[in-house]
Amino acid sequence: MTTAPAQARYLQCVPFAREVSGIDIHGNANTWWGQAEGRYDRGTAPQIGAVMAFKSTRAMPIGHVAMVSRIVSDREVLLTHANWSRRGGIERDVRAVDVSAAGDWSEVRVWFAGAGDLGTSTYPLAGFIYADKAPATVESDAALPPLTIATSAVAPVGGALPAER
């Protein structure tokens, strides 16, 4: 059973990632990658400000999201995220290392406060969602359909409001 964000008693990764990255996606972390399709550019290369989208695992069934705060090298970045090492805690500029055999950022290890180093677990990634690459909103020149608004307000008669009774 998962706790709905409105009932959460501690900071979760999703609202924190949304706030720090500007990527306006809602729902569990494991849904961000799919929701980003067509709304934001996605890819396999880290970029500052991008959201690293973790896939679901048995130990992490609703996934995880974290923002890339700095690129250290081709295979190391620093992340800013919430609810990782300590329930509800915020961590800034912690290490994440690409440990995939192909060097394609499909698997990472992430710094874990309890160990004071990279954790021992390997996590699969869906990829990166790029915050500054959102497609422009398409505006239509088509006229909007008429809209009827019900109101109990007094309407002017001949340019003046009727006298009160």
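Two residues are in contact when heavy atoms of theirs lie within 4.5 Å.

Before you click on, some ground rules. What you have open is a predicted model, where local features need pLDDT of at least 70, side-chain atom pairs count only at pLDDT 80 or more, and totals for chains, interfaces and linings use all residues. Residues are numbered from 1 along each chain as its sequence is written, and side-chain values use heavy atoms, with hydrogens and water left out.

**Stop 1: colour by confidence.** pLDDT is the predictor's confidence in each residue, from 0 to 100. The protein chain averages 84, and 74% of the residues score at least 70. Now select residues 1–6: here the pLDDT is below 50, and the model gives this stretch three contacts beyond near neighbours in sequence. Residues 134–142 also stay under 50, with five contacts beyond four places in sequence. Where pLDDT is low, the predicted coordinates should not be read in detail.

**Stop 2: switch to cartoon.** You'll find two helices and eight strands. These are DSSP runs, numbered from the N terminus: H or I over at least four residues for helices, E over at least two for strands. From the N terminus on, the order is α-α-β-β-β-β-β-β-β-β.

**Stop 3: select helix 1, residues 13–21.** Which residues are buried here? They are Cys13, Val14, Phe16, Ala17 and Ser21. (Buried means under 20% relative accessible area with a 1.4 Å probe, protein chains only; exposed is over 50%, and partly exposed is in between.) Look down the axis of helix 1: its buried residues fall within an arc of 165 degrees, so they line one face. That arc is taken from the directions from the helix axis to the C-beta atoms. Show the surroundings, and you'll see those buried residues packing against helix 2 (32–36) and strands 2 (51–54), 3 (64–73), 4 (76–82) and 5 (90–98). Just after helix 1, Gly22 takes a positive phi of about 80 degrees.

**Stop 4: jump to Thr80.** You're in strand 4 now. Is Thr80 buried or exposed? Thr80 is buried, with a relative accessible area of 6%. Leaving aside residues up to four places away in sequence, Thr80 touches Phe16, Ala66, Met67, Ser69, Glu91, Arg92 and Asp93. Zoom in on Asp93: its backbone nitrogen lies 3.5 Å from a polar atom of the Thr80 side chain.

Methods
A polar contact is a pair of N or O atoms within 3.5 Å; within protein, one must be able to donate a hydrogen and the other to accept it, and residues adjacent in sequence count only if both atoms are side-chain atoms.
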